Amino acid sequence: MGWEVVSMQMLCSLTDGKKLDGKEMPNLDVKYLRGERDFKTLTNGRYVAANNLLILVDGENSGEVFRTPIEGYQGSTFKQLHIAENIHTDYLLHVINLHRKSLRENKIGSAIPHLNKKQFKAIEVPVPPYNEQVKIVAAINSAQDRLDTIMENL
């Protein structure tokens, strides 16, 4: 089976977590996920499990993706990013990252800029067979490791 090109909306979806009330859990906001501060606790919100993906849909850095280290309530500026089972998660995250500049430059709204979801869903993604996705991810990670080593030794 060869490569095909499909729109992003065929490979993933953006959703909100199930609303929960009365359970104290961490608020997984952008400052916590970036390691800029400890989490605050909330007693209600939209639930997200540990090790899930959140994509920033509001604000200057729309399109940035985070993996949740713990369960909690998704921050109000996020949507949960669900990737189809036949797609290597890191492969699709590299594709999203490749388009981050364009997504950031084409936000909609003026007071609080939002991710242009129509543009996001329309991104054309080249999809190789799964085993090739794995090889591509390994090659990207290896190149990134070499770049990191070079930067550390400058």
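## Close-up views of a predicted model

**View 1. Strand E2 and its two faces.** Strand E2 has a covered face, formed by Cys12 and Leu14, and an uncovered face, formed by Ser13 and Thr15. In a regular strand the side chains alternate between the two faces of the sheet. Helices (H or I, at least four residues) and strands (E, at least two) are DSSP runs, numbered from the N terminus. The model is predicted: local features need pLDDT of at least 70 and side-chain atom pairs count only at pLDDT 80 or more, while totals for chains, interfaces and linings use all residues. Residues are numbered from 1 along each chain as its sequence is written, and side-chain values use heavy atoms, with hydrogens and water left out. E2 runs antiparallel to E8 and is joined to it by four bridges. Within this pair, Leu14 stands opposite Leu81 of E8.

**View 2. The open sheet.** Four strands form an open sheet in the order E2-E8-E5-E6, with antiparallel pairing; two strands pair if DSSP finds at least two bridges between them. Strand E2 (12–15) and strand E6 (65–67) stand at the edges with a single partner strand each, so one side of each is left without a neighbour in the sheet. On average, neighbouring strands of this sheet are turned by 35° against each other, direction ignored. Axes here are lines fitted to C-alpha atoms, for helices over the stretch in contact, and angles run from 0 to 180 degrees between N-to-C directions.

**View 3. Strand E5 between its partners.** Strand E5 (residues 53–56) pairs with strand E8 (residues 78–83) in the antiparallel sense over four bridges. The bridge partner of Leu53 in E8 is Leu81, and that of Leu54 is Gln80. Three bridges join E5 to E6, and these strands also run antiparallel; here Ile55 stands opposite Val65 of E6. Leu53 and Ile55 point one way from E5, Leu54 and Leu56 point the other way, and all are buried. Buried means under 20% relative accessible area, exposed over 50%, and partly exposed in between (1.4 Å probe, protein chains only).

**View 4. The nonpolar cores.** A nonpolar core is a set of buried Ala, Val, Leu, Ile, Met, Phe, Trp, Tyr and Cys residues joined through side-chain atoms within 4.5 Å. The largest such core has 23 residues, of which Met8, Leu81, Ile83, Leu92, Phe120 and Val125 touch the most other members. E2, E5, E8, helix H2 (89–98) and strand E9 (124–127) each supply at least two residues of this core. H2 gives the most, with five residues. Apart from this core lies another, of nine residues, among them Leu28, Val30, Leu54 and Phe66. Leaving aside its neighbours within four places in sequence, Leu92 is in contact (heavy atoms within 4.5 Å) with Met8, Leu11, Cys12, Ile83, Ile87 and Val125.

**View 5. Helices H2 and H5.** The axes of H2 and helix H5 (residues 130–152) come within 8 Å and cross at roughly 60°. H2 and H5 are therefore oblique to each other: angles under 35 degrees count as roughly parallel, over 145 as roughly antiparallel, 65 to 115 as roughly perpendicular and the rest as oblique. H2 passes H5 in a left-handed crossing, that is, the near helix is turned anticlockwise from the far one by less than a right angle. Asp90, Tyr91 and His94 of H2 make the contact with Gln133, Ile136, Val137, Ile140 and Asn141 of H5.
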